[in-house]
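Hi,

Here is the structure I promised to pass along. Have a look at it first, and my notes on what turned up follow below.

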Amino acid sequence: MSPTPPQQNDPRATLRAGLPDRYLTPEDLVELFDLPSVETVYAWRKKRTGPPGFRVGKHLRYDPEAVHRWTTDRMRADTDDAA
């Protein structure tokens with residue numbers, strides 16, 4: 001008997017609705033951008049200069065797509081300023 005293929009109506013697919021496999025932590029941003037410390041990430045958040053984050057309970061998380069957009073916008077702004 002062959003294995004049953006996954007169903008198209010898998011409830012997990014509906015719940016995920018395009019969400020990433022994992023949201024980023026402040027520590028992930030420190031590693032990604034080679035920042036001095038996680039305090040830099042919290043300072044960005046306080047000043048509203050960094051990528052948009054959100055709280056899940058007491059934990060701060062970042063959507064990888066939002067971080068990518070923020071990075072792209074920063075690079076574009078730096079390129080525009082240099083021209």
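Before the count, a quick word on the term: a salt bridge here is a side-chain nitrogen of Lys or Arg within 4 Å of a carboxyl oxygen of Asp or Glu. By that rule, the structure has 3 salt bridges. Do keep in mind that this is a predicted model.

One of the bridges joins Arg 22 to Asp 28, with 2.9 Å between the closest N and O atoms.

Next, look along helix H4 (64–82). Glu 65 and Arg 69 sit 4 residues apart in helix H4, about one turn, and their side chains pair up in a salt bridge at 3.4 Å, N to O. Glu 65 has 53% relative accessibility, so it counts as exposed, while Arg 69, at 45%, counts as partly exposed.

Helix H4 also holds Asp 73 and Arg 76, 3 residues apart and again about one turn of the helix. Their closest N and O atoms are 3.2 Å apart, in another salt bridge. Asp 73 comes out as partly exposed at 43% relative accessibility, and so does Arg 76 at 47%.

Now for the inside. Which residues make up the largest nonpolar core? There are 10 in all: Leu 24, Leu 29, Val 30, Leu 35, Val 41, Trp 44, Leu 60, Tyr 62, Val 67 and Trp 70. Helices H2 (26–33), H3 (38–47) and H4, along with strand S2 (59–62), each supply at least two residues of this core.

Cheers

Technical notes:
Residues numbered from 1 in each chain as written. Predicted model: local features only at pLDDT ≥ 70, side-chain atom pairs only at ≥ 80, totals over all residues. Heavy atoms only, no water. Core = buried A, V, L, I, M, F, W, Y, C linked by side-chain atoms within 4.5 Å. Buried < 20%, exposed > 50% of the residue type's maximum accessible area, 1.4 Å probe, protein only.
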